[in-house]
Every structure is written in C-alpha cells, then in structure tokens.
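Me: I have a model open and want to go through a few local features. Can you take me through them?

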Amino acid sequence: MTVLRSIVPPIYIDTITISTAVELFLQAKEDEGRRSGTLVSYRRTTRDLVKHIGEDFPLLSIEPQLLRSYFGELRKSHNVGGVAHIHRNIKAFFKWFWLEYDVMIRNPIDKVKVEQPQIKPRRGIPLESIERLLRACTTENRLRDRAIILGLLDTCARASEFCALNVEDIDLNTGIATIQEGKGGKLRRVRFGSKSLRALRKYLKTRQNLHYSDPLFATDEGDQLVSRTLHRIIQRRIQAAKIKQWGLHDFRRRGLYEMWVKTRDIKGVSLYAGHSNVTVTQRYLAINDEDILSMHRIGSPVEQLRI
C-alpha cells in the first residue's frame, strides 16, 4: 500500500477520499499563488463534485462513467459553455493529483469528453464608435473618461488588469506600463501611445496630492476602480453617445485586431495580450479571407522584384 506524501498523519493513496484529495488540490493551488477568482472557481466546481459523488468515496474507485453521469446532470441546468468550464476545472484537479502523487492507474478524466462551445470571433468596438464615445465625454469626469477609453484601446489590458494599475506602474515619459499580475499571475508590459498618454497626463493633473502608490484611475472618492465601476463608466458614455452596447472586453479585442492589421505579427500581438498561446489570439482576431488576401497585397514577393 502506497503512502501519500506530505500528509501528517500519513494517508494511504489507495483509500484516500475524494473530499481529502480536493482539499489537497485547493491548498496546492492557493500555495501556487493562483488568483482569487481562479481559486473561487476551483472551490465551487470541485466541491460540487464532492457533494454529488459523496465525501467518503475513494478517489481511485471513480470510474469514467460516474463522471459522465455527473456532466450529464449538469447539462440540465448549464449551457454548453458552463459545462465546459466545470469540466476544465475538474480535469485540472484529476490531472494535478495523478501527477503530484505518481498515480499509476489510468486517470478516469482522460476518457471523459464534453461538448465545447462554438466561439464566434468578434473584432470588438469599431473605431468609429470610439470616436463617438470620445465626443460624448463633455460632462463631469470627462478627462478621466477620455483617458480610460483611449487607455483601454491602447493597452488592450483586461478590465481587472487595467483597474489594478497604480501611478508607480507607468513611466509617464515613455507611456510603458507594467501589469504586475496578469492572468495566471504573469507580469507583462503594455503601452499608452502618444495620444492616450497625453490624455492620461491631462487627467492626472486634475488629481490633488497624487502619490506613486495611488491608483492610476480613481473614483470620485479617490479609490481604486474595480471592473464593475469601470463598466458603469463606459456604459454611461455609451448611452450619451447613443451607440450600440459594447463590453469592456470589446476594447481589448479591437485594440489587438488593429495591431495585427498594422503589423501582421500574430506572435507579437499574442505576447502583448498576455495570451497563453497564439491559438487564443487567432480566435480574438477573427481573421477572414479578406485579411489574408490583404496580407498578400502588402507582402507579395513578385511585387518586390525589379522587373
């Protein structure tokens, strides 16, 4: 009988329950420094599985069919995307345990597949709508909101990353900003271009007694913005501009697409976005046949010949 490492008192792997294994997984992910949102998602989905199967059920006795029946039940109350999200978390748990403790028997999750959502690529908010949004910034906080709109488009940062920026995170000479904790805890740099940097400087001049540790974009009370507050700010300007509803992520999508159009460097765009791989970026860009043909018009090898 194999003893499970790093547990006091020792627990034998052959008899470990799913509830114990899940708590080990959650603790490990917390120790790894995973983001709070990721941890909350892991806790909810794995503990729901424990409730369904039973706390005392031996982990190594779980068969693929038991997991399939669980996901079948989930389909009654969740859409395709929701089930796929839960499946990813459950798969992460099983993969972690099998790898962490060198389990030799076949991992049951390997045989369990679920339908994946068909993601329709979107290019985000059109540049014409951005211009209308800027023209709608005529009331209170107009300098802040102009800087936010241009900053979201230029940095292509996720809403949570954008809100978390502090004054000390940006070089106001170069416009280079450091995202201290991006998705997956990764640090990366983004940039405010000359126009967005000019708007940012104008806004910061309105802030009294500004310190390096202060939020780059703040509420009227001087507090750090959160995604929910940022969403409300943008929605108010959308209503004033009388344009179609767009979400915060649509600024990111548009910014990345425009960078790709100008550079055709998908790897560079992927790194700038903080994506885990180029495949994710390709979904964002929504590249069509016209984009591909225009790439040839720019880089046709025959057109470069002196004939």
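Me: Which residues make the nonpolar surface patch of about 230 Å²?
Reply: Ile287, Ile292 and Met295 make that patch. Patch residues have over 30% relative accessible area and no salt bridge, with nonpolar side chains joined within 5 Å and like charges within 9 Å; a salt bridge is a side-chain nitrogen of Lys or Arg within 4 Å of a carboxyl oxygen of Asp or Glu. Areas are Shrake-Rupley with a 1.4 Å probe.

Me: What should I know about the model itself?
Reply: The model is predicted, so local features need pLDDT of at least 70 and side-chain atom pairs pLDDT 80 or more, while totals for chains, interfaces and linings use all residues. Residues are numbered from 1 along each chain, and side-chain values use heavy atoms, without hydrogens and water.

Me: Where is Met295 found?
Reply: Met295 is in helix H13, residues 289-299. Helices here are DSSP runs of H or I, at least four residues, numbered from the N terminus.

Me: Why does Met295 count as partly exposed?
Reply: Because its relative accessibility is 36%; buried is under 20%, exposed over 50%, and partly exposed in between.

Me: New topic. Which residues of H3 are buried?
Reply: In H3 (64-74), Pro64, Leu67, Tyr70, Phe71 and Leu74 are buried. Down the axis they fall within an arc of 120°, so they line one face of the helix; the arc is taken from axis-to-C-beta directions.

Me: What covers them?
Reply: The cover includes helix H2 (36-53) and H4.

Me: And what is the phi of Asp102?
Reply: About 50°, positive although Asp102 is not a glycine. Asp102 lies in the loop between H4 (80-100) and H5 (127-135).

Conventions:
Helices (H or I, at least four residues) and strands (E, at least two) are DSSP runs, numbered from the N terminus. Buried means under 20% relative accessible area, exposed over 50%, partly exposed in between (1.4 Å probe, protein chains only). Contact means heavy atoms within 4.5 Å.
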